[in-house]
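Subject: Structure handover and what was found in it

Dear colleague,

I am handing over the structure below, followed by an account of what was found in it. Please read the account with the structure open beside it.

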Amino acid sequence: MSIKENLNSLKNQIPEHITLVAVSKTKPVEDILQAYNAGHRVFGENKVQEMVDKFHSLPNDIKWHMIGHLQRNKVKYIAGFVDLIHGVDNLKLLKEINKQGLKNDRIINCLIQIKIATEDSKFGMSINEAKELITSEEFKNLENISIKGVMGMATFTDDKRQIKNEFESLDKGFNELKTSLNDMTTISMGMSGDYNIAIDAGSTMIRVGSSIFGSRQYQ
Ligand SMILES: *Cc1c(COP(=O)(O)O)cnc(C)c1O
């Protein structure tokens, strides 16, 4: 099937209130254009340089989401145009995003990455750490960022029940954090292999790559 067909069949399967981030990492601009020409506008990348290059080569009404782990010293390269940063997991990074938001005269939307998987390799904060962060004095002074919600990745496993439990814990954590920050709207969870489970568990935003663009050469 073509990228357009994959995209349309995916859109037909998911409820309308779910935002679909088409994860285009490692894929050429031609592939992104196919999705763009089919009407899609939200794309996710996990590497700063790749996202910057694609931003310069593609139409400027694309919403670029940074879904990868973001290093502090690279925030400045995307601060002028990024639509949403999914992987914020510490105050120092958030402060840098705020600083670059100020420089670019914009408010940068962020999600706090919560560690829901059992694997050590996955990034993220605990819900308690996130709560401490968003209720701290330092956080209140950050006027050029807006926390829109949370993001999480489930353990890489065939055990659907475990994945479901992890996504449900993120949904629960989101609702806890929402009591301290009421303009939160977004739970970013679910990828090609588990978006149905994520949607059942309360996801509002899924990040899907290979089901749209085909498998990648490297991860
Ligand atoms: C690559 C990636 C995805 C998409 O993965 P697929 O399995 O190809 O859908 C989603 N989220 C993050 C954080 C990723 O790095």
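Helices, here DSSP runs of H or I with at least four residues, are numbered from the N terminus. On that numbering, Gln-217 is found in the segment after α10, the helix of residues 210-213. Please keep in mind throughout that this is a predicted model.

Gln-217 counts as exposed, because its relative accessibility is 78% and the cut-off for exposed is over 50%. The C-alpha atoms of Gln-217 and Leu-94 are separated by 32 Å, and the two residues are 123 places apart along the chain.

Overall fold

The protein chain has 10 helices and eight strands. Its radius of gyration is 17 Å, close to the 17 Å given by the globule rule for 219 residues, so the chain is as compact as a globular protein of that length. Along the principal axes, the C-alpha trace spans about 50 × 40 × 30 Å. Of the 219 residues, 49% count as buried, and the accessible surface of the chain comes to about 11,000 Å², with 46% of that belonging to carbon and sulfur atoms. As for charge, the chain carries 28 positive and 28 negative charges, and the mean positions of the two sets are 2 Å apart.

Aromatic pairs

How many aromatic pairs does the structure hold? There are two aromatic pairs in the structure. In one of them, Phe-43 and Trp-64, the ring centres are 6.2 Å apart and the planes lie at 40 degrees, so the pair is tilted. Phe-43 belongs to strand β2 (residues 42-45) and Trp-64 to strand β3 (residues 63-66), so this pair ties together parts that are 21 residues apart in sequence. Both partners count as buried, Phe-43 with a relative accessibility of 0% and Trp-64 with a relative accessibility of 1%.

In the pair formed by Phe-55 and Phe-81, the ring centres are 3.8 Å apart and the planes lie at 10 degrees, so the pair is stacked. Phe-55 lies in helix α3 (residues 48-57), while Phe-81 lies in the loop between α4 (75-78) and β4 (84-88), so the parts tied together here are 26 residues apart in sequence. Phe-55 counts as partly exposed at 23% relative accessibility, whereas Phe-81, at 15%, counts as buried; the two fall into separate classes because the cut-off for buried is under 20%.

Two buried helix residues

Ala-35 is found in helix α2 and is buried, with a relative accessible area of 0%. Between Ala-35 and Asn-12, which are 23 residues apart in sequence, the C-alpha to C-alpha separation is 15 Å.

Ile-78 lies in helix α4 and is likewise buried, at a relative accessible area of 0%. Its contacts, again leaving aside neighbours within four places in sequence, are with Val-48, Met-51, Val-52, Met-66, Leu-70 and Ile-85. The C-alpha atom of Ile-78 is separated by 22 Å from that of Asn-141, a residue 63 places away along the chain.

Backbone points

Most residues other than glycine have a negative phi. Against that background, Thr-26 has a phi near 70 degrees, which is a positive value in a residue other than glycine. Thr-26 lies in the loop between β1 (19-23) and α2 (29-37), and at 25% relative accessibility it counts as partly exposed. Asp-105 also has a positive phi, near 55 degrees, and is likewise a residue other than glycine. Asp-105 is found in the loop between α5 (91-103) and β5 (108-113), where it is exposed, with a relative accessible area of 70%.

Technical notes: Residues numbered from 1 in each chain as written. Predicted model: local features only at pLDDT ≥ 70, side-chain atom pairs only at ≥ 80, totals over all residues. Heavy atoms only, no water. Rg over C-alpha atoms; globule rule 2.2 N^0.38 Å. Buried < 20%, exposed > 50% of the residue type's maximum accessible area, 1.4 Å probe, protein only. Areas by Shrake-Rupley, 256 points an atom, 1.4 Å probe, with all protein chains shown as cover. Lys, Arg positive; Asp, Glu negative; His and termini not counted. Charge placed at Lys NZ, Arg CZ, Asp CG, Glu CD. Phe/Tyr/Trp six-rings, centres within 6.5 Å; stacked < 30°, edge-to-face > 60°. Contact = heavy atoms within 4.5 Å.
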